[in-house]
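Please write a brief report on the model shown here. Cover its domains, its confidence, its cores and the contact between its chains.

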Amino acid sequence: MSFRTQRLANRFPLWTKLRRDPSSFGSRLLDTFAEGLEEESITVQKLVESFYLTTRSLGKSLLHEVILEGEDIPERVATANGFTWSYPTIVGTLGVDTFAVTKVDTLTDLLTSPSTRVELIESVTSGDRTVWESTAPTTISQPQYPERLWIVVSGSTNYTNKTSHTDRDKSGFSTITIKGLDGEYQKVIDHVDIPDDGIYMSNFAFREVQRIYTEGFNGNCVVTGGPQDLEFEKDPFRVLVFDDMEGPLKLYLYQGASNTSFVTYKADRFKLGKQYRRPGIEVIEDTEELATFILCDEDNDPVEIVSIAVSPNNTFLYGISPDGLLYIYDHTLPEFVTPSVDETVQTYVEIHPVRPYAQYPDNLGSPVPEPLWTRYARLRYPINWIEIKRIAPDATIEYLQPDRITWNTTPARISYPTAGKMKLSDWKDFKFETLYDQLGAWEYICTTKTEIDTTVSTTTVICGSLQAVTAIDTGVSSPELIYFSDSGGLIIDNGTTAYAFNEHADVYIIEEETGHVWLSDGYDSVEVT
Amino acid sequence: MATYVPKTILLPNGLDEMGLKRSITRLPEERLGSFKRRILLEHRDPQDNSFMQFKKSPCRQLGELEKAVCRVNIIDSDITNPRLLVTSSKFYFWLDATTDPDIELELTNRDNGYFLEDIIDALNALTEIDVEILDSNYQYRKSLQLRVDDSSKSATDLLLESYENRLTYGYVSDYKFSDPLVFMTEKANPEDVTVSGDFYVDDINGVVLSYDLQHGYATYTYSDFPYLLWWQPVRVFELNDPDVDFLIKDTLQADSGEEHRLLNSLGTRYVNELLLQHPLEWGD
């Protein structure tokens with residue numbers, strides 16, 4: 001499910017199920033369009049950035065073409081519904097190694113497929129990457145290798161503003177200025193605007209830093225050669241959308257017990273007002289959380305991940321495990337399934353989960369169940385009883401018992417002692433809980449009996465996981481950090497050495513009629529059978 | 001079943017657009033990271049019609065970037081006028097440019113300065129300087145590919161209206177000021193600047209002090225230290241370079257001793273190329 005679906009849904013009133021429940025039919029219908037919109041917006045963003053020299057996504061430079069001959073050209077195979085093609089099997093040979101090449105359907109897949117293998121091209125000494133800290137402004141350490149500098153500004157309570165009567169002697173600019181030599185030993189002066197606390201990158205890749213000074217803010221500033229191991233990874237391509245706000249998607253990685261790792265999708269809720277970052281005004285950190293997913297391998301078994309990064313090339317989420325396995329995720333929101341029971345045209349009482357994406361218990365202490373609420377959304381008739389049925393991912397059916405706490409396979413109704421004589425206002429919504437101990441879709445069916453009719457409403461909560469598209473052994477022992485260089489190259493750092501990899505995707509597309517084959521990667525020769 | 005050899009197709013890319021704006025084209029099978037480096041270098045240090053850029057630009061056009069070999073730092077504060085010179089076939093280093101060179105090596109002589117290692121060793125032998133190695137593979141390179149360059153350069157700076165100005169470069173010499181009244185009498189020490197027209201120049205740091213308020217321009221010669229020594233895959237030198245005879249001529253026994261007078265095969269090739277482009281001869 002696309003992140004953009006909620007943006008389209010937010011065009012509808014807040015009370016609509018389409019807007020507040022992503023498992024609704026309406027939301028799932030909008031997802032059809034939102035997925036295309038999200039793909040296009042990512043493509044546009046990459047296209048726009050590709051005309052800047054500071055872009056990290058350099059794109060693809062080469063394709064490799066083979067024209068099949070004779071019986072290698074695909075043939076039509078008649079089927080009951082028409083025909084299909086018999087595609088060839090392609091194996092690429094590079095030196096003494098052979099690689100099975102997989103067919104993909106579209107040019108987009110050919111250009112942005114996840115890697116199937118990586119190739120070590122360089123390793124350099126890394127160690128401590130800190131170049132400069134505002135707490136020790138006279139001490140400058142040199143970057144280990146030419147790389148754009150990461151600048152992290154935090155804890156500022158004041159940003160000077162020339163229009164403020166207290167700051168009139170200031171320029172009104174908040175900047176950090178870095179003087180030094182770039183990768184080719186050219187003298188450069190880099191001015192980086194710092195409009196607010198946050199994370200910034202220098203425009204130049206610095207080989208040597210000679211002087212750094214800041215102006216216009218009073219927070220702490222840490223400059224490192226290459227990325228800092230921050231508590232979150234920002235996705236530059238996607239926006240996290242809630243039903244009342246949206247913001248850049250931030251991915252927080254945290255470790256659970258028993259070698260499990262989780263990723264939480266969050267976005268910042270910013271405060272408006274001209275008194276922001278002024279003396280005496282406390283800045284309230286406000287981060288909204290949409291979902292937490294457990295990270296899994298290709299078989300959907302939990303794995304431990306020590307660091308994550310979003311690829312600027314194919315926008316996949318990369319994670320590295322302690323044993324050097326590289327997991328690649330096509331990270332998005334999980335798809336909701338069609339409920340097993342149809343809703344009635346009229347619904348009165350609905351089930352509202354605290355969030356539509358529940359978290360798999362991380363076993364850090366006692367597993368915490370997540371709450372849901374009943375909501376008498378449309379006050380029509382006095383209610384006699386309701387029945388809340390829950391279908392777990394393993395198809396176990398349970399009913400909420402009258403104590404409103406326990407679940408049992410025995411059907412149960414939650415009725416009012418004065419059923420049939422009560423007023424509309426007598427109904428009191430209540431909270432109940434579910435421990436989401438299975439990955440997958442948890443379906444809730446609420447049957448409401450009134451004096452007039454019986455209605456059924458449904459909703460679904462997904463206990464989600466991110467399942468790896470592929471896993472590749474990098475051979476790096478005890479990795480600590482994964483990131484992408486200023487040219488989009490994959491770097492894995494184990495604290496002492498940074499390893500640079502080339503990524504390869506063994507995929508091809510074929511034009512069936514002519515036998516033209518385009519390969520994503522180059523080989524000495526390809527064998528077609 | 002058949003075996004095919006794939007043909008490479010260059011895909012258009014945003015970098016191609018940026019390269020075209022700077023007259024740099026992607027080479028066959030060049031990686032985009034390398035192409036980006038070349039464009040960035042061209043962007044920050046663009047080609048022009050100076051001899052320096054004529055020496056630098058062939059490497060980046062051909063996709064083989066220059067390599068910084070080492071950085072020579074002056075650590076003796078008594079050294080005020082150092083100089084490093086690489087000609088077509090010789091390497092010179094002076095601790096004091098007004099005297100004979102402290103190092104003079106022939107880049108074509110296998111017993112002298114044929115390898116970069118010979119030059120680094122000679123520089124390391126001087127205690128007044130520090131040599132910072134930047135290319136860890138320098139032992140495997142020939143010194144004849146060193147970029148032809150001279151640390152002695154000229155510059156002109158605008159003087160701000162102040163009693164003290166710092167010039168852009170240090171190790172300055174031969175300075176001339178556009179205002180002769182402010183800079184009338186040079187003093188050896190800053191405390192001797194006591195009357196109108198007195199001035200003092202800190203040669204090492206390029207700081208100019210004066211009794212009167214400075215303005216106008218300062219034109220000066222400076223020695224570009226710390227000095228970066230560059231190794232070029234594609235080297236450019238002038239055919240009228242003072243030491244070019246060591247490269248393009250073999251020795252003959254003359255009355256004054258052995259001299260480089262007879263064009264060798266390399267020199268013949270250069271002269272023939274020159275005549276092909278410019279076939280005029282003496283008297284034509």
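Chain A of this predicted model is assigned domain 1 (130-225) and domain 2 (349-463). Such bounds come from an automatic or database domain assignment. The centres of domain 1 of chain A and domain 2 of chain A, taken over C-alpha atoms, are 54 Å apart. Residues are numbered from 1 along each chain as its sequence is written, and chains are lettered from A and ligands numbered from 1 in the order in which they are written. Because this is a predicted model, local features need pLDDT of at least 70, side-chain atom pairs count only at pLDDT 80 or more, and totals for chains, interfaces and linings use all residues.

Chain A holds four helices and 36 strands. Helices (H or I, at least four residues) and strands (E, at least two) are DSSP runs, numbered from the N terminus. The C-alpha atoms of chain A fill a box of roughly 85 × 80 × 40 Å along the principal axes. Of its 529 residues, 36% count as buried. Buried means that 20 or more other C-beta atoms lie within 10 Å of the residue's own; exposed means 12 or fewer, and partly exposed is in between, with C-beta atoms placed from the backbone.

Helix α3 of chain A covers residues 25-49. Its 25 residues should span 36 Å at 1.5 Å a residue, and its end C-alpha atoms are 36 Å apart, which agrees. The expected span is 1.5 Å times one less than the number of residues. A kink of about 35° is centred on A:Thr32. The bend at a residue is the angle between axes fitted to the seven residues ending there and the seven starting there. Buried residues of α3(A) include A:Leu30, A:Ala34 and A:Lys46. Their cover includes α1 (5-9) and α2 (17-20) of chain A.

The largest nonpolar core has 53 residues; A:Leu295, A:Leu326 and A:Ile482 are among those that touch the most other members. A nonpolar core is a set of buried Ala, Val, Leu, Ile, Met, Phe, Trp, Tyr and Cys residues joined through C-beta atoms within 7 Å. Strand β19 (residues 325-329) of chain A gives the largest share of this core, five residues. A second, separate core of 37 residues includes B:Val69 and B:Val201.

A:Tyr185 counts as partly exposed because it has 19 C-beta neighbours inside 10 Å. A:Arg404 has 13 and also counts as partly exposed.

Chain B is divided into domain 1 (14-61), domain 2 (63-151 + 224-235), domain 3 (154-222) and domain 4 (244-278). Six residues of domain 2 of chain B are in contact with six residues of domain 3 of chain B. Contact means C-beta atoms, placed from the backbone, within 7 Å. A cis peptide bond joins B:Phe225 and B:Pro226, with omega about 0°.

How many residues of chain B are in contact with chain A? There are 31, and they meet 30 residues of chain A. The largest share of the chain B side, nine residues, comes from α2(B).

Chain B has a mean pLDDT of 90, and 99% of its residues reach 70 or more. This score is the predictor's confidence in each residue, from 0 to 100. The model scores ipTM 0.80 and pTM 0.83.

Definitions and conventions
Contact = placed C-beta atoms within 7 Å.
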